Amino acid sequence: MRRLAVVAVALAVVMLSSAFTASAAPQRFNHYVALGDSYTAGPLIPLQRLDPVGCLRSTSNYPAQLAFRLFVRSFTDVSCSGADTSDMTSPQDIPLGTNPPQLNALRPDTDLVTLGIGGNDFSVFGTLVGVCPGLRASDPTGNPCQRQFTVDGVDTVKAKIAQTRNNIAAVLTEIHARAPHAKVVAVGYPRIAPPSGTCPDILPFADGDYAWLNSVEEALNGAISDAAAADGKTSYVDTFTPSLGHDACSASPWINGQHTNVLAAAAYHPFFAGMRGMAQAIYASLR
């Protein structure tokens, strides 16, 4: 019996070792730089960094979790809440200070870059969460926000997103120029609203605007994906698909709803669980 127990333990060790090997990344990265906005930075997710405090950058965001999984030798996270594509090459004014141009963190020896940007261009996300909840009362079962932003049959929000694609493409070109040997990953945005059903106490949008909100996110992710594909040297990581069942209305949300939780997440932003899910998706793409 004792011999069988020893054999069983040995087999378990082998199986664990094999599992670790199978899940390991294909290469060792020496210098990883994370670029992005609040969906990268992780506002209010403990513990918050102070360099600078106004970026609301978490020590547990997806770049930090990814860096830990990859055992990178050097990790630099310059993501900042409120950033748009212009803040990649220009300083960003933030509360209590300034965040330097994010692309300044890149070096010729940088070998991994993740980029999560686009939602703040033309104030797309800010407009949606700032305007849509206030329109629900006027038509709770309709789509007042979609109608608000549709002019002469043109969805003005999606029209702006089409321009965002070009902005992201320009950022990718600059990344390759500054870090010519880097593996570059463009990261999409996770799902906020469910594909069906509503939860107005959490997401105070009119019922008909839930589908539109999803379509806006899909358009934004499409712009990021298209920019990466046209670039030809950048990989796109889809976080919208794996976040199905983890929307703000779900029992296991990746994204917070309208109420800020100072110990977990800002309103309409990822929880730790969301950052973990995004890190897993990126890690899987690197295997």
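This is a predicted model: local features need pLDDT of at least 70, side-chain atom pairs count only at pLDDT 80 or more; totals for chains, interfaces and linings use all residues.
Residues are numbered from 1 along each chain as its sequence is written, and side-chain values use heavy atoms, with hydrogens and water left out. Local features need pLDDT of at least 70 and side-chain atom pairs count only at pLDDT 80 or more, while totals for chains, interfaces and linings use all residues.

Strand β1 spans residues 31-36; strands (E, at least two residues) and helices (H or I, at least four) are DSSP runs numbered from the N terminus. Six of the six residues of β1 are buried, that is, under 20% relative accessible area, with exposed meaning over 50% and partly exposed in between (1.4 Å probe, protein chains only). In a regular strand the side chains alternate between the two faces of the sheet. In β1, H31, V33 and L35 lie on one side and Y32, A34 and G36 on the other, and both faces are covered. Pairing of two strands requires at least two DSSP bridges between them. β1 pairs with β2 (residues 74-77) in the parallel sense over four bridges, and A34 has D77 of β2 as its bridge partner. β1 also runs parallel to β5 (residues 112-116), joined by five bridges, with Y32 opposite L112.

The largest pocket holds about 250 Å³ of space. A pocket is here an open set of points on a 1 Å grid over the protein atoms alone, where a 1.4 Å probe fits and protein lies on both sides within 12 Å along at least five of seven lines; lining residues have an atom within 4 Å of a point. The volume is the space filled by probe spheres set on the points, which are joined across faces, edges and corners. Of the 19 lining residues, Y39, F125, V129, Y268 and H269 lie nearest the centre of the pocket. Helices α2 (38-41) and α4 (124-135) each supply at least two lining residues, and α4 gives the most, with four.

Six salt bridges are found in the whole structure, each defined as a side-chain nitrogen of Lys or Arg within 4 Å of a carboxyl oxygen of Asp or Glu. R49 forms a salt bridge with D51 at 2.8 Å between the closest N and O atoms, and D51 forms another with R57 at 3.6 Å. R49 is partly exposed at 22% relative accessible area, as is D51 at 42%, whereas R57 is buried at 2%. Salt bridges with shared partners join R49, D51 and R57 into one network. D139 and R147 also meet in a salt bridge (3.1 Å, N to O).
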